[in-house]
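Please look over the protein shown here. A short report on its architecture comes after it.

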Amino acid sequence: MFKHNLSHRCLLAAWLVVIASGAKAQDHQDGATRDTGTIDHSSAQDTYHNKSDEIVVTALLRTERIDSLSSVAVLTGQELTAVLRPSIGDTLSHVPGISSTSFGPTASRPVLRGLQGERVRLLTNGIGSIDVSNTSADHAPVINPLLAERIEVLRGPQALLFGSSATGGVVNVVDGRIPNAIPDEVVHLSALAGYATAAQERNASAAADINLGDGFVAHFDGSYLKSRDVRIAGFALAPALRLEAIASSLLLAPANSVADFAGNAAAQGVLRNTAARTWTAAGGLAYINDGGSLGVAYSQFDSLYGVPIRLATRPGQSEEAPRLQQHQNRVDARAEIKPNSGPVELIAFRFGYANYVHAELEPDGAVATTFFNKGMEGRLELRQAKSGAWSGISGIQFVRRDFDVQGDEAFLPRNSTSQFGLFSKQQIDIGALRFESGARWEHALISAAPYQDQTQFFIGDRTFDAWSGAFGTSYEFAPEWRLGVNLSRTERAPAAEELFASGPHAGTASYEIGDTLLGKESAWSLEAIFRGKAPGYSFELSAFHSWFGNFIYEQGMGAVIDGLPVFQISQADARLYGFEVEAKATVFRVDRWTLEAEGMADYVHATIAGAGAAPRIPPLRMQGGLYLFSSHMDLRGEIEHSIAQKRIARFETPTPAYTMVNCEIGWRPWGRDRPLSLLVSANNILNVAARRHASFAKDYAPLAGRDIRFSARLTL
């Protein structure tokens, strides 16, 4: 208890020291220092002007990417168009430090530094996605990359602003549904259309902002995507499971065999039950003037998609091929006030409410299990008026979630979660030296109220108070070159899924048993950053190390219930470390053409005390390529290699290495920053069989085979 309280006091003391130092340092600002102060949130996401990918805007404080004290990724413009996929996980899968759960082409969440699920927060315009994608890997997030203007990935002190569960980081998708700037023209229009061969995917999206006059702006957007079962290279089953299926077919007479084991072993070419159809529609209205803005938006999301069939390989196994019918209605609101004077220069309020439901359908269309989720989230943020070298933001956040699951596979009781948090982030720039600190307190109440016939579930409440803090500094030892380090201690309350689970979970093919006595998960983390750029080249290296206490994980018990292996939610100390490195250099410039070479690598190593390797940790990955471009055309070729993952957890299987070759051609008929751009990309050109170790379904669902993608983007 003494050590626990002491750590809290040390974090609080460090945070107060930085704030106090900022007050003393305000008169010592170097006039030659690059301006990294605050900017208006409205202009940070201006739809109608070019946005630099060097500015991080999610947290309401302007931060140059080079000044960030932790690894940051920003995707926007043509770079975002080139990587767009139906799921947010696959869209980000080539970013350093990010993998994907790859549960088919539709249901994929990002994996940040080996952490997924509860430890990664998915946001839309700064507010949670309000779905049940954290409950199971086969539940797709209600986030539509097709309408994204910008995607940011944050870690370190900035992530503390968005919740204690963001141990791995935060992914924020900005779609501009609530207008935040007045367009110069009467109607500002953007549209995107595409086709991909691997799943015969057809997609289209469009967004319009209309200047109604007198400060009023209306927004409308919509999207549609339809795809068939995705084509794969090679066999659906991993080699070990194919051998198991062949053995089962030889041992059992056909009359005694429920499943076609020989046929399952031979299944190849197509990943069955992965077709999808998704559409969205939204409208928004905002009033904007020099004193602030006020806006509201309504959106609807509807999707029907299949989960890759889990082919049986031995007697007693079922072959489930569910389809999920998702539906979400959502209301978002935003208000900003800019006081003329005083210590606060911006007061911002954001709110989201959503009613989400999805039904898991049997092959005949009957509903097997239904998930219900109603949630709301609100944030009130106060941005301090910059005082010399000192700037900061503080605020409060509340989250409410009411969850219920009914049907054949109700492995969770009816439950609710309420969270209330206070947070602050402060930064000081003194010439070449920069300090940054963050602190967060969060109170959580998690209640389980099962139905009378659900006697297997816990009834009652759990409450938690989580304290987190971070402190970091960086030094600009040469123009545009910085070396930084940050130290953080975070606490996370266990989620309802980790506390109350008790039953068969088809999505992960396991029988899950939670632990109602779980304590808070904590972690001390240290990260060092070295990054910079100069004419002709840039470089960034991030190395991190985390020491977890009471790390929450699933432990295989070796038992089988209802034909499924039993996994118990457990806690133990754990250690995680790794790195991300990326570099870019100009090889030559000839006339209007420039050739650049670029490369990246990332690696994560995770160990759980008493259990060995942590499950589903991505292996070392390396990627390199050449990029030739002019004002009208882009040519890019790259090779990605993922080594074999042989360091596996109990009941895991190794994942073979793979090497993919990709290329793309982009054409802008009227030049860069003009209305029309066309893109053709060839992915996995050599049609290699590849599986991601971070995926629950990797042994049943390989990645897509050769995929030729066409896209056209128009902006008027």
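The text below moves from the whole chain to strands, salt bridges and a surface patch.

## Overview

This is a predicted model, in which local features need pLDDT of at least 70, side-chain atom pairs count only at pLDDT 80 or more, and totals for chains, interfaces and linings use all residues. Residues are numbered from 1 along each chain as its sequence is written, and side-chain values use heavy atoms, with hydrogens and water left out.

The protein has seven helices and 36 strands. Helices (H or I, at least four residues) and strands (E, at least two) are DSSP runs, numbered from the N terminus. Of its 716 residues, 57% count as buried. Buried means under 20% relative accessible area, exposed means over 50%, and partly exposed lies in between (1.4 Å probe, protein chains only).

Contacts (heavy atoms within 4.5 Å) reach along the chain. Among those with a separation of 6 or more, 68% come from residues 24 or more positions apart. The accessible surface is about 28,200 Å², and carbon and sulfur atoms hold 61% of it. Accessible areas come from the Shrake-Rupley method with a 1.4 Å probe; for residues, only the protein chains shown count as cover.

## Strands and sheets

Two strands pair if DSSP finds at least two bridges between them. E3 pairs with strand E8 (residues 150-154) in the antiparallel sense, over four bridges. There, Leu75 has Ile151 in E8 as its bridge partner.

Further along, strand E32 (residues 621-629) and strand E33 (residues 633-642) are antiparallel, with nine bridges. E32 and E33 form a hairpin, with three residues between them. Met622 is bridged to His641 in E33. E33 also pairs with strand E34 (residues 658-667), again antiparallel, over 10 bridges. Here Gly637 stands opposite Cys663 in E34.

## Salt bridges

A salt bridge is a side-chain nitrogen of Lys or Arg within 4 Å of a carboxyl oxygen of Asp or Glu. By this rule the count is 33. The table gives some of them.

| Pair | N to O distance |
|---|---|
| Glu381 and Arg350 | 2.6 Å |
| Arg379 and Glu381 | 2.8 Å |
| Glu491 and Lys520 | 3.1 Å |

Which strands hold Glu381 and Arg350? Glu381 is in strand E19 (residues 367-384) and Arg350 in strand E18 (residues 344-361), 31 residues apart. Both Glu381 and Arg350 are buried. Arg379 is buried too, as is Glu381.

Glu491 and Lys520 also link distant parts of the chain, 29 residues apart. Glu491 lies in strand E24 (residues 481-492), while Lys520 sits in the loop between strand E26 (510-513) and strand E27 (521-534). Glu491 is buried, with a relative accessible area of 2%. Salt bridges that share partners also join Arg119, Arg492, Glu498 and Glu521 into one network.

## A nonpolar surface patch

Patches are made of residues with over 30% relative accessible area and no salt bridge; like charges are joined within 9 Å, nonpolar side chains (Val, Leu, Ile, Met, Phe, Trp, Tyr) within 5 Å. One nonpolar patch has about 700 Å² of accessible area together, and its members include Leu212, Phe216 and Val331. Strand E15 (276-289) and strand E16 (292-306) each supply at least two residues. E16 gives the most, with three. Val331 lies in strand E17 (residues 323-337). Val331 is partly exposed, with a relative accessible area of 33%.
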